[in-house]
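Have the sequence and the 3D view ready.

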Amino acid sequence: PPVTHPPAARRRLALRLTAGLCLASLGAGLLTHGPAHFGFDGFFGFHALVGFLACAALVLVAGLAGVLLGRGEDFYDR
C-alpha cells in the first residue's frame, strides 16, 4: 500500500524543498555570474528577486481577478 503523509508533513516537505531550491539557485549565482546588461541588474540575487516579485504580483492579480470576476455561491441556482 502507498505511504500517505499527513497534510502538515507534506506542507513542511514542500517548504523545505522550495527553500532548498532557492538556496541552490542563489548558490549557483555565486559560482556563475554573467555580465550586467543594464547596470542595475548586476547585484547578487537580482534575478531571484525579480522572479519573486513577479510571482507575488501574479498571485495578487489573480486574487483581484477572482474578486472582480467571481460569482456568488447561488449563481447556478438562479
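Where is the place of Arg-10? Arg-10 sits in helix α1; helices are DSSP runs of H or I with at least four residues, numbered from the N terminus. Keep in mind that this is a predicted model, where local features need pLDDT of at least 70, side-chain atom pairs count only at pLDDT 80 or more, and totals for chains, interfaces and linings use all residues. Residues are numbered from 1 along each chain as its sequence is written, and side-chain values use heavy atoms, with hydrogens and water left out.

Gly-27 is also found in helix α1, which covers residues 7-31. Count back 14 residues from Gly-27 and you reach Leu-13, 21 Å away in space, C-alpha to C-alpha. Phe-44, on the other hand, lies in the loop between α1 and α2 (46-69).

How open are these residues? Arg-10, Gly-27 and Phe-44 each count as partly exposed, because their values fall between buried (under 20% relative accessible area) and exposed (over 50%), using a 1.4 Å probe and protein chains only.

| Residue | Relative accessible area |
|---|---|
| Arg-10 | 47% |
| Gly-27 | 27% |
| Phe-44 | 47% |

Now for the record: an unreviewed UniProt entry annotates residues 13-32 and 44-69 as "transmembrane region". Positions follow the numbering used here, feature names are shortened, and such annotations may be inferred rather than shown by experiment. In the model, residues 13-32 are 95% helix and 0% strand (strands are DSSP runs of E, at least two residues), with end C-alpha atoms 28 Å apart. Residues 44-69 are 92% helix and 0% strand, and their end C-alpha atoms lie 39 Å apart.
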